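Good morning, everyone. Please have a look at the sequence and the structure, and then we will walk through a few parts.

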Amino acid sequence: MESFVVSARKYRPATFRSVVGQAHITETLRNAIARGQLAHAYLFTGPRGVGKTTCARIFAKAINCLNPTSEHEACGECESCRAFNEGRSFSIHELDAASNNSVEDIRALTEKVRIPPQVGRYSVYIIDEVHMLSANAFNAFLKTLEEPPHYAIFILATTEKHKILPTILSRCQCYDFNRIRVEDTVQYLQYIAGQEGVTYDDEALHVIAQRADGGMRDALSMFDRVVSFCGTQLTGDKVAESLNVLDYNTYFAATDLILAGNYAELLTLFDGVLRRGFEGQLFIAGLNGHMRDLLMCKNPQTAGLLEVTGQVAERYRAQANAEGCDTGFLFNAINLLTQVDTGYRTATNRRLHAELALIKLCGLGGLKKKDDTVGAEAGGDSEADALVLVAGVGRYPMPAISNGGGGATVVNPAVPAARTVPEGTAATPSESTPTPEPKSEPVREAVGRSAPAATTSPVSAQATRPVAQPEPGRAAGRSITGVSITNLQAAAGGGATEGAVASAEVAPREEGGSVREVTPGEAERVITEKYDDLLRLWMERQRPRLATALTARQIRGSEVLVSVPNEVLADEINQAKWEIERDLRQLTGAAATVTVVVTEVQQEYKPVSTEDKLQYLVRLNPNILKLRDELDLTV
C-alpha cells in the first residue's frame, strides 16, 4: 500500500510560477536573479502558511541551478537540482532557530559559513523562525550577517517581525508576505480536488478557504480532513459539520428571518447554534460580516470587495436585492451588531445580550413592512409595534384624531394615558370621535417620504368608545393640545384611515377641514411652552446626559439652536436628532428643526509656579518690578 502524503507536502510549489497569492514577492526575486542583483541577506515575514519557507527554498534552488530556464526558474534536472530534491545538497542548509537559538549554535553556523559550496555558486542558509534566537545569539550573528563571504546568502523567515532586533532588520532586504485571498485559495483547492478526483460544490471550498484565514497550509490540512470525513464528494453542509463552523446557509437563513421580522424563528435558530457548541459572539460577528458583504453588493464600486465567487456570490447579490434589504437597514444592522460585539464580553447575561440584539434587528427588518401598511390599518399588529419600539426606531407616524373642535394632534407614545370612564358609561355625542374629513392633498409620514393620497373610507364604529373624563377643577390627565391620550388611543385602536395620518412636518391643525402651516411666531411660542416636556421625556428615557445638553437652547421660530461645549456632545445629539425633532413635532404640532452649535469655552489663565505668578502681577502693574528692586526682594 502506497504511503499517504499530506496535500501540504505533496502539492508544495516547486517553482515561482506555482506559488499562490505572492506575485509581488516572486516577481521581485526573479528580476533580482535576472539582473544578478542578489543581496547577502533576506528576511521573509508574514502570517503562517503563506509560503515564506517555500519561496526561500525555490529561490535557493534557482540561484544554484546550473541550467536555469528562460524565466529564471530551476531546471530540476541538473546535479544541483537533483541533490536538493533528494535532500543531499551541501550548498543549501536549513536551520530551525526555535531549537538552535543559543550563542553556541550561531558560532557553529559562522564556522560552517567559511566552507565554500561544492556544487553551485552559492551557499544558502535558510533560518526558519528566526525570532526565536536569543538576544545574545542575535548579537553574535551581527558581524557575519553584515559581511559574509561573497558566496554566502542568508534567508531568514519569521512570523513575528517585531521581535527581531532593529540591527538585524537593517542588514536584510525585507519581504512582507500577504494573507492569501479567499478566491486564490478556492482556485488552488479546485486544482487539487481535480488532481485527487474529488467532486465538490463552491460553498464547500469557500467554507474551507474562509476557515483557513489566509493560510494555504491550513487550507490544505482542512481539505485532507474533510475528504477523510466526506469521501470524494464534498458538500457545504458536510464540510461545515466536519470543521464545526457556521456555514453560509446559517447566515442567509438568519437574514431572511430578520427581513421578515420573524424574531421567534430567529431566536430558535440562534438556540440551535448555541446547542452546537458555538459561542454567541461568534454568531454575532459572523452575522455582522454577512451584513457587510450584503452592503458591498449594493454598489458596483464595492462589489469587488466581496471575497466570494461562483454560486455563493450570486446568493449574496440575490439577498442584497431582496425587499427590505436597503442600504439604510444594512447601515443600522452593522452599527447595532458592532456595538453588541464590543459589549459582549462585559455583559452579565451574554445570551440575553445577543438575543436582544437579534430582536432589535427583527424590528429594523419589519419596520419597512410596517411603514408600507400603516395607512391600511392604523391599529397595526401589536407584535410588530413592539418590535419597532425595541429596535429604538419608531419612524412610522401615529394616526391623527380630531377632538371635535378642529384641533388634530399626534399621539406621543411616551406620555402615559389619562383616566378613562368605566365600561358601560355612555359617551355623549360631543365626546365621540367624528369621522375625519377626506383630504385631497397627499400627507407625509414622519420618515420624510410621501404617502398615497387619502381615501374617504369611514372610521370604524370602535372609534367611538368612551373617552377620558376630567375631574372637576382638574385637567384631564396628561394630554397634548387639549386632547386626552386615552381618546387618541381609543380612536387609533379602531382603525383610522390613511387620511387620518397626520403630517409630522406640517402643523397638524384643522380648521374647516383644511390644513394650515404654523407661523414662525406661533411655532416659537408653542416650542417654548412644550420644551420642558421634551426634556422630561428624555429624562424618562434614561438619557440624562442628552437631556442636560439640550437645556442650552435658543429658539428662533421653528428652529432650536442647541449650544454644546464639545464635539462629543454634538455627535450624541446629532445621532438622536431625528428622534428629538419627531418628539417636538408630536408635542407642538410645529415643523421644528434642531441645529447643534459647538461653542468652545475659553478657560481663564491661572498661573501655577511662583515665576508665573510674578509675571502675571507684572502685567497687571509694572511697578512691582521697581518695588522689588528698591526693597531687594526675592521671589
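Leaving aside its neighbours within four places in sequence, which residues is A219 in contact with? The answer is T185, L189, I208 and A212. Keep in mind that this is a predicted model.

Let's stay with A219 for a moment. This residue sits in helix α10. Buried or exposed? A219 is buried, because its relative accessible area is 0%, and the cut-off for buried is under 20%. One more point on A219. In sequence, A209 is 10 residues away from A219. In space, the two are 6.1 Å apart, C-alpha to C-alpha.

Now the helix itself. Helix α10 covers residues 216-230. Its partner here is helix α11, residues 236-243. The two pack at an angle of about 110°, and their axes are 10 Å apart. So α10 is roughly perpendicular to α11, since angles of 65 to 115 degrees fall in that class. The crossing of α10 and α11 is right-handed.

Which residues meet there? From α10 we have M222, R225, V226, F229 and C230. From α11 we have K238, V239, E241, S242 and L243. Sort the residues of this contact by type, and you get 6 nonpolar, 1 polar and 3 charged.

Next stop, S91. Where does S91 lie? Find the loop between α4 (79-85) and β2. S91 counts as buried, because its relative accessibility is 3%. Not counting residues up to four places away in sequence, S91 touches N64, P117, Q118, V119, Y122, S123 and V124.

Two of those names, S123 and V124, take us to strand β3, residues 123-128. This strand is mostly covered: 5 of its 6 residues are buried. Strand β2, residues 92-96, pairs with β3. The sense is parallel, over 5 bridges. To find the pairing on screen, look for D96, which stands opposite D128 in β3.

Strands of a sheet pair through backbone hydrogen bonds, either parallel or antiparallel.

In what order do its 3 strands come? The order is β12-β13-β14, in an open sheet with mixed pairing. The edge strands are β12 (553-556) and β14 (593-598), and each of them pairs on one side only. Neighbouring strands of this sheet are turned by 25° against each other on average, direction ignored.

Look at β12 and strand β13, residues 559-564. They pair in the antiparallel sense over 4 bridges. Here Q554 stands opposite L561 in β13.

Helices lie across these strands too. Helix α20, residues 520-540, lies across β12 and β13. It runs at about 150° to β12. Helix α23, residues 577-588, lies across β13 and β14, and runs at about 135° to β14.

Let's zoom out. How many helices and strands does the chain have? There are 25 helices and 14 strands. Of the 635 residues, 44% count as buried. Last one, on contacts. Take those between residues at least 6 apart in sequence: 73% join residues at least 24 apart.

That's my tour. Thank you.

Conventions
Residues numbered from 1 in each chain as written. Predicted model: local features only at pLDDT ≥ 70, side-chain atom pairs only at ≥ 80, totals over all residues. Heavy atoms only, no water. Axes fitted to C-alpha atoms, helices over the stretch in contact; angles between N-to-C directions. Parallel < 35°, antiparallel > 145°, perpendicular 65-115°, else oblique. Left-handed = near helix turned anticlockwise from the far one by under 90°. Contact = heavy atoms within 4.5 Å. Nonpolar A, V, L, I, M, F, W, Y, C, P; charged D, E, K, R; others polar. Buried < 20%, exposed > 50% of the residue type's maximum accessible area, 1.4 Å probe, protein only. Pairing = 2+ DSSP bridges.
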